[in-house]
Amino acid sequence: SFDKHRKVRDALITAVSSSSESSSSYRVVAGGMFGVETWKEDTKSRGPHRTLSCDIAKPATDSVLDELAINDILNESVTHVYEENSILLVVCGPKSEGCDGFNQLHSNTDYSEVQFLYSCDGLVGDLADSMYACELELTNTLKLATEKNKIRTIVVDSSMGYPMGQIIFTLFGLFTNRISMLEDVMTVIAMAPDKSDAHWRRILINQFRKEIFVNEPAFRGQVVFRDSQDFEIELNIASEDAWFVTNFNNIISNLELRTGLASEIQNVNGGQKIVSPDYEFSQNFLASDYDQVHNLAQWTAQVPLEQQTIFQLEDNNEDKKVSSAKLSADMVKSATEEALTLIPGGTQIDNFTNLGEGCLFVALWTGGRVIVLWDGTDHVDINITTNAVNESVAEKFKNKFLSVIPSMTVVLQDIQPRGVGRVVNLLKDTKLGTPHWA
C-alpha cells in the first residue's frame with residue numbers, strides 16, 4: 001500500500017488546483033497489521049532509501065586474506081602514529097611460540113626503537129600468583145626499556161593471549177607507570193585474525209580508551225576487513241590523537257587500495273568531555289543578535305487548520321494468559337463506536353476486516369476523521385484529526401475508547417498541526433502573538 005501514497009497525494013493536490021511545488025507532505029508510520037499478504041513488498045518500500053553511490057558497499061576483490069594482507073594492515077596502522085624519539089612496543093605471546101609482528105616491525109618501521117614484550121611462561125587461566133609475578137617481571141623490563149624514550153604506540157600481537165592482556169592493562173593502568181613509561185599522546189592497536197579472540201581484544205582496546213585515556217581527545221575505532229571468501233580480520237585502534245578520525249579514514253582507504261579487501265567500520269567512540277566549571281565565555285549571543293526576518297515571516301504565514309493526534313495503545317495486563325478478555329475486532333469496534341458518540345450527529349464507520357489478522361475502522365465527519373487500526377494481537381493505533389479549535393476532542397476520544405477496553409494503556413502519543421503556510425506550530429502556540437525570539 002505504500003506505493004499508493006504518492007498517487008493519493010498527487011490526486012488530492014490536483015483536486016484543489018494546486019501543485020507539488022506549493023505543497024509539502026510527510027508520512028507517519030505508527031503501526032501495522034499481522035498477516036498482511038503484501039508485507040514483504042511493503043518492507044522494501046517503507047522508510048528512507050539509500051540512493052547515493054557512496055552508500056553502496058564496495059565489493060571485495062578476489063584477493064585472499066593471507067599473511068601478506070595482515071602485514072599490510074599492521075604496517076599501515078603503525079605508519080599513521082609514528083613519532084620521533086619514541087618507542088613502539090609489541091606485546092607478544094610466549095617467546096617459544098614466536099611473534100607474528102616481530103619480523104614485520106623489527107626493521108620495517110620509522111620508530112627509533114622497537115621493543116618486544118613477550119608473555120611470561122606458565123600463564124594458565126587467571127591464576128593470580130603467576131599473573132602477579134609476571135606483572136612485576138614485565139614492569140621491571142619496561143622500566144629499563146623506557147629510561148631514555150617513552151612508549152608512543154602499543155601493538156597487541158595476534159599471538160598474545162587473554163591473561164597477558166589483563167596484565168598489561170593492569171600494568172599501564174597504574175598512574176605511576178602511565179606517567180613514567182607512556183607518552184602524553186598514546187595509541188594502542190590490536191588485530192584479531194581469529195574470530196574467537198575478537199571479542200576480548202575489542203574490550204581490551206576499549207578499556208584503554210575508557211580507563212587509561214579517559215578525557216578527550218580519546219577515540220576507539222573498530223573496522224572489519226573481508227576478502228571474497230568472507231574471511232575477515234578485525235582491527236581496533238584506541239588513540240589520544242586529535243586527528244584520529246582523519247587518520248583512521250586514511251588507514252582504511254589505503255588498505256582497501258593496497259589489499260583489495262572490503263572494509264566495514266563498525267564503531268567509533270570518543271572520550272569524556274572535559275568540563276571546566278569556572279570557564280566563562282568571552283562573548284554571549286542573544287536571539288536578537290541573529291537575523292530573524294525569514295523565521296518571523298514563516299511564523300506569521302502559518303495557518304493551523306487542524307490538529308492530528310496519534311495514540312498508540314497496548315494491553316498493559318502483565319499476564320496475558322489470564323487476561324479476562326482477549327482483544328478482538330468486535331471489542332475494538334465497540335470501543336470505536338462508543339468513542340464516536342462524542343461527535344454531534346454521529347457518524348458512520350467503515351470497517352475493513354479482510355486485510356490480515358487485525359482490522360481497520362475509518363470514520364469521517366464534518367471537521368474531523370479518525371482511523372483505528374488493530375494489529376491482530378495487543379496493539380491499537382488511533383489516528384484522529386480534528387479542527388484546530390477543537391483540540392480537546394482527541395483526548396476525550398481516547399478516554400472514551402479506553403473506558404470500553406480498560407486493560408489498554410497509552411504507550412506513545414504524537415501531536416502535530418496540519419494547515420497551510422508551512423505550519424509547524426499548534427494553534428494555541430500561534431495565539432501567543434509575537435514570539436519571544438523575534
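Visitor: Which residues in α8 do Y162, G165, F169, F172 and G173 in α6 meet?
Guide: This is a predicted model. In it, helix α6 covers residues 162-173 and helix α8 covers residues 195-213. The α6 residues Y162, G165, F169, F172 and G173 make the contact from their side. Their partners in α8 are W200, L204, Q207, F208, E211 and I212.

Visitor: Is α6 roughly parallel or roughly antiparallel to α8?
Guide: The two helices pack with their axes 11 Å apart, at an angle of about 5 degrees. Angles under 35 degrees count as roughly parallel. So α6 to α8 is roughly parallel.

Visitor: Which strands stand at the edges of the open sheet?
Guide: Six strands form the sheet, in the order β9-β10-β11-β12-β8-β13, with antiparallel pairing. An edge strand has a single partner, so one of its sides is left without a neighbour in the sheet. The edge strands are β9 (349-352) and β13 (408-420).

Visitor: Which residue in β13 stands opposite T309?
Guide: Strand β8 spans residues 303-315. Strands β8 and β13 pair in the antiparallel sense over twelve bridges. Opposite T309 stands I415.

Visitor: Which helix packs on the sheet, touching β9, β10, β11 and β12?
Guide: The helix spans residues 329-339. Its direction makes about 15 degrees with that of β10. The helix is α11.

Note on methods. Residues are numbered from 1 along each chain as its sequence is written. This is a predicted model: local features need pLDDT of at least 70, side-chain atom pairs count only at pLDDT 80 or more; totals for chains, interfaces and linings use all residues. Side-chain values use heavy atoms; hydrogens and water are left out. Two strands pair if DSSP finds at least two bridges between them. Helices (H or I, at least four residues) and strands (E, at least two) are DSSP runs, numbered from the N terminus. Contact means heavy atoms within 4.5 Å. Axes are lines fitted to C-alpha atoms, for helices over the stretch in contact, and angles run from 0 to 180 degrees between N-to-C directions. Angles under 35 degrees count as roughly parallel, over 145 as roughly antiparallel, 65 to 115 as roughly perpendicular and the rest as oblique.
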